[in-house]
Amino acid sequence: MSVLVAITGRDNKKLMAQLKIRLPNVCIEEWPDCQSLDKVDFVLAWKAPQTMWSQLPNLKVVSSFGAGVDSIDLALLPSNVEVVRIVDTQLAEDMAEYVLAHVLAQKLRFKEFFIKQNQQSWQPKRAYSYKNVGILGFGELGKACAKKLVSNGFLVSAWAQRERKAVNVEMFYAKQGLNKMLPNIDYLICLLPLTQETTGIIDRTLLSKLPVHAGLINVARGEHVIEQDLLDALNTDSLRVATLDVFEQEPLAIDHPYWQHPKITLTPHCAALSDLRSVIEQIAENIECLRQGSKLNNLIDRTKGY
């Protein structure tokens with residue numbers, strides 16, 4: 001049994017050490033320092049080099065290091081390779097708290113008051129009365145956010161690509177459902193998986209269907225948003241505010257116009273960070289499932305990309 005860790009852009013020393021403690025009888029190596037690529041059965045990946053995949057003839061399972069699998073080019077994997085992801089129950093609660101906090105911040109005009117504080121300007125204003133929240137994507141994170149928002153008095157709608165069960169949430173489906181939902185939304189939350197169909201979904205056309213007083217919160221992936229279209233909407237008062245936790249390029253370039261924009265609130269991809277202990281346990285369990293020939297946990301549907 002051979003496991004390869006191929007995670008770029010971070011220091012993996014702690015991860016490697018804890019995996020080796022948890023799986024003492026498993027060969028665990030880190031890309032590119034792998035002695036026998038032809039023996040690798042299991043890869044733990046995040047933005048792994050695309051040229052790596054063709055060098056793994058015995059690959060059986062790929063595990064994403066995150067809740068999504070968009071960092072893995074599924075088209076480069078043989079059809080028999082199974083793909084799994086991380087599911088962290090605490091992640092959903094953290095995301096729900098973040099979303100609620102920023103919906104309330106937009107409702108209560110916090111960004112305006114922070115700017116006025118820096119200007120030493122005393123100009124009190126009433127909070128907005130808007131209550132309608134729309135969620136794009138209704139998986140585990142979307143459901144957790146909806147539950148938190150409903151319990152705090154918001155009216156929640158959600159858009160999904162297939163039928164979902166929901167309590168106290170008005171559901172919409174397909175393109176016509178999205179077009180019907182958007183004009184009634186005061187706060188739009190993006191929690192979609194990143195797929196070919198959802199890349200660039202938040203564009204000029206979508207934003208134009210929202211009320212001009214609406215706010216956007218993107219906690220999914222930066223690639224969901226056409227950046228110039230968002231900036232144009234904010235600059236022409238076609239959209240009131242935006243809160244962004246994810247970006248096409250991370251860290252965000254120092255000269256990016258988002259940094260100083262008076263209508264944008266930024267956070268550094270921290271809305272919901274997985275606990276390393278939980279992640280390691282899930283990875284270890286799937287490695288043991290592979291060794292024993294058991295069904296893997298948290299399998300994705302490769303035809304859908306999530």
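This is a predicted model: local features need pLDDT of at least 70, side-chain atom pairs count only at pLDDT 80 or more; totals for chains, interfaces and linings use all residues.
Entry 1. Exposure.
I began by noting that a residue is called exposed when its relative accessible area is over 50%, and buried when that area is under 20%. I then looked up Gln120, which has a relative accessible area of 77% and is therefore exposed. Gln120 sits in the loop between α3 (110–118) and β6 (132–136).

Entry 2. The backbone at Gln120 and Lys47.
I read the phi of Gln120 and found it positive, about 55°, although the residue is not a glycine. I noted as background that most residues other than glycine have a negative phi. I found another case in Lys47, where phi is positive and near 55°. I placed Lys47 in the loop between β3 and β4.

Entry 3. The whole chain.
I looked up the secondary structure and wrote down eight helices and 12 strands. I then asked myself why the radius of gyration of the chain agrees with that of a compact globule. A compact globule of 306 residues would have a value near 19 Å, and the chain has 21 Å, so I put the two down as agreeing. The box that the C-alpha atoms fill, taken along the principal axes, is roughly 65 × 40 × 30 Å. I noted that 49% of the 306 residues count as buried. The chain exposes about 15700 Å², and carbon and sulfur atoms supply 51% of that area. I also looked at contacts between residues at least 6 apart in sequence: 61% of them join residues at least 24 apart.

Entry 4. Helix α8.
I followed α8 from residue 276 to residue 292, which makes 17 residues. From its first C-alpha to its last it reaches 24 Å, close to the 24 Å expected at 1.5 Å a residue. At the N-terminal end I found a cap: a side-chain oxygen of Asp275 lies 3.0 Å from the backbone nitrogen of Arg277. After the helix comes Gly293, with a positive phi near 75°.

I asked which residues of α8 are buried. They are Leu276, Val279, Ile280, Gln282, Ile283, Ala284, Asn286, Ile287, Cys289 and Leu290. I kept in mind that an α-helix has 3.6 residues a turn, so residues three or four places apart point the same way. Among the buried residues, I marked Leu276, Val279, Ile283 and Ile287 to look at with that in mind. I then asked what the buried residues of α8 pack against. The partners are β1 (2–7), α1 (13–22), β3 (42–46), β4 (61–64) and β5 (82–84).

Entry 5. His224.
I found His224 in the loop between β10 (215–218) and α7 (227–235). Is His224 buried or exposed? Its relative accessible area is 0%, so I wrote down buried. A polar atom of the His224 side chain lies 3.2 Å from the backbone oxygen of Pro193. Not counting residues up to four places away in sequence, His224 touches Cys190, Leu192, Pro193, Leu194, Thr198, Gly200, Ile201, Ile202 and Asn218.

Entry 6. Cysteines.
I looked for disulfides and found zero. Cys145 is buried, with a relative accessible area of 0%. Cys190, one of the residues that His224 touches, is also at 0% relative accessibility and counts as buried.

Entry 7. Val169.
I found Val169 in strand β8, residues 169–173. At 12% relative accessibility, Val169 counts as buried, because the cut-off is under 20%. Leaving aside its neighbours within four places in sequence, I listed Phe138, Ala146, Val156, Ser157 and Ala158 as the residues in contact with Val169. I also checked Val133, which is 36 residues from Val169 along the chain; their C-alpha atoms are separated by 9.9 Å.

Entry 8. Cis peptide bonds.
I noted as background that most peptide bonds are trans. The bond from Trp31 to Pro32 is cis, with omega near 5°. Pro32 is in the loop between β2 (27–30) and β3. Another cis bond joins Glu250 and Pro251, with omega about -5°. I placed Pro251 in the loop between β11 (241–244) and β12 (264–266).

Key
Residues are numbered from 1 along each chain as its sequence is written. Side-chain values use heavy atoms; hydrogens and water are left out. Helices (H or I, at least four residues) and strands (E, at least two) are DSSP runs, numbered from the N terminus. The expected span of a helix is 1.5 Å times one less than its number of residues. Buried means under 20% relative accessible area, exposed over 50%, partly exposed in between (1.4 Å probe, protein chains only). Contact means heavy atoms within 4.5 Å. A polar contact is a pair of N or O atoms within 3.5 Å; within protein, one must be able to donate a hydrogen and the other to accept it, and residues adjacent in sequence count only if both atoms are side-chain atoms. The radius of gyration is taken over C-alpha atoms; the globule rule is 2.2 Å times the number of residues to the power 0.38. Accessible areas come from the Shrake-Rupley method with a 1.4 Å probe; for residues, only the protein chains shown count as cover. A disulfide is a pair of cysteine sulfur atoms within 2.5 Å.
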